[in-house]
Amino acid sequence: MEYEAVIGLEVHAELETRSKMFCACARVDSTIARPNSAVCPVCAGMPGVLPVVNRRAIEYALRVALALECEVAHSSLFVRKNYF
Ligand SMILES: [Zn+2]
């Protein structure tokens with residue numbers, strides 16, 4: 001039996017958006033902001049809430065991808081993790 005090694009990268013970046021990635025809460029500098037000073041039911045992951053993706057963040061991410069000559073998928077799927 002032969003195996004093919006498939007190696008992926010998960011890259012995290014903080015983009016200069018006004019709000020967070022999945023809600024309208026202001027993006028704050030977590031090194032100086034008071035704890036829990038910018039939290040809503042969506043970013044707290046409360047049951048029944050629906051995150052809405054930040055359009056500007058997607059635009060910025062695509063700009064970075066194009067600048068780095070990355071291959072961009074035509075569609076992407078996001079599944080929110082739930083921790084009980
Ligand atoms: Zn929020």
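Reading exposure and contacts in a predicted model

Modeller: At 61% relative accessibility, Leu 66 counts as exposed, because exposed means over 50% relative accessible area. Bear in mind that this is a predicted model.

Colleague: Where does Leu 66 lie?

Modeller: Leu 66 is part of helix H1, which covers residues 55–67.

Colleague: Now Asn 54. Is Asn 54 buried or exposed?

Modeller: Buried means under 20% relative accessible area. Asn 54 has 10% relative accessibility, so Asn 54 counts as buried. Asn 54 is found in the segment before H1.

Colleague: Which residues does Asn 54 touch, not counting residues up to four places away in sequence?

Modeller: With those set aside, Asn 54 touches Thr 17, Ser 19, Lys 20 and Met 21.

Colleague: What lies 3.1 Å or 3.0 Å from a polar atom of the Asn 54 side chain?

Modeller: For a polar contact, the N or O atoms must be within 3.5 Å. The backbone oxygen of Lys 20 lies 3.1 Å from a polar atom of the Asn 54 side chain. The backbone nitrogen of Arg 56 lies 3.0 Å from a polar atom of that side chain.

Colleague: Asn 36 also lies in the segment before H1. Is Asn 36 buried or exposed?

Modeller: Asn 36 has a relative accessible area of 68%, so Asn 36 is exposed.

Colleague: How many Å apart in space are Asn 36 and Glu 69?

Modeller: Asn 36 and Glu 69 are 37 Å apart, C-alpha to C-alpha, and 33 residues apart in sequence.

How values were computed. Residues are numbered from 1 along each chain as its sequence is written. This is a predicted model: local features need pLDDT of at least 70, side-chain atom pairs count only at pLDDT 80 or more; totals for chains, interfaces and linings use all residues. Side-chain values use heavy atoms; hydrogens and water are left out. Helices (H or I, at least four residues) and strands (E, at least two) are DSSP runs, numbered from the N terminus. Buried means under 20% relative accessible area, exposed over 50%, partly exposed in between (1.4 Å probe, protein chains only). A polar contact is a pair of N or O atoms within 3.5 Å; within protein, one must be able to donate a hydrogen and the other to accept it, and residues adjacent in sequence count only if both atoms are side-chain atoms. Contact means heavy atoms within 4.5 Å.
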